[in-house]
Amino acid sequence: MGKLIFAIFLGVLVYLLLRSRRQGGRAGRSSTPTGVSKVVTECAYCHVHVPQDEGVLIGSKFYCCEEHRRLGGG
């Protein structure tokens with residue numbers, strides 16, 4: 001019985017090692033490519049953090065949308 005449990009344990013271990021190698025060792029990580037990160041900035045009006053490429057940057061102030069830019073006086 002002990003040999004059977006050991007064999008199952010060993011099989012699961014080998015499976016997990018092979019699976020992690022096939023995924024490039026990125027198990028449990030996000031799908032963002034290596035070296036690419038999104039810059040997240042706080043809206044000057046509502047203080048919500050938004051990726052910079054989705055908002056509006058006016059001078060040194062960042063807004064999450066055009067409406068908040070208008071309301072914020074930017």
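I take buried to mean under 20% relative accessible area, exposed over 50%, and partly exposed in between, with a 1.4 Å probe and protein chains only.

I note that this is a predicted model, in which local features need pLDDT of at least 70 and side-chain atom pairs count only at pLDDT 80 or more, whereas totals for chains, interfaces and linings use all residues. Residues are numbered from 1 along each chain as its sequence is written, and side-chain values use heavy atoms, with hydrogens and water left out.

**Entry: fold.** I looked up the secondary structure, with helices (H or I, at least four residues) and strands (E, at least two) taken as DSSP runs numbered from the N terminus. I found 2 helices and 4 strands, in the order α-β-β-β-β-α along the sequence.

**Entry: whole chain.** I recorded 14% of the 74 residues as buried. The chain exposes about 6200 Å² (Shrake-Rupley method, 1.4 Å probe), and carbon and sulfur atoms supply 60% of that area. I then turned to contacts (heavy atoms within 4.5 Å): among those between residues at least 6 apart in sequence, 6% join residues at least 24 apart.

**Entry: Leu57.** I located Leu57 in strand β3, residues 56-58. Leu57 counts as exposed because its relative accessibility is 52%. I read a C-alpha separation of 9.5 Å between Leu57 and Cys43, which lie 14 residues apart along the chain.

**Entry: Arg69.** I placed Arg69 in helix α2, residues 66-72. Its relative accessibility is 18%, so Arg69 counts as buried. I found a polar contact at 2.6 Å between the side chains of Arg69 and Glu66; the term denotes a pair of N or O atoms within 3.5 Å, where within protein one must be able to donate a hydrogen and the other to accept it, and residues adjacent in sequence count only if both atoms are side-chain atoms.
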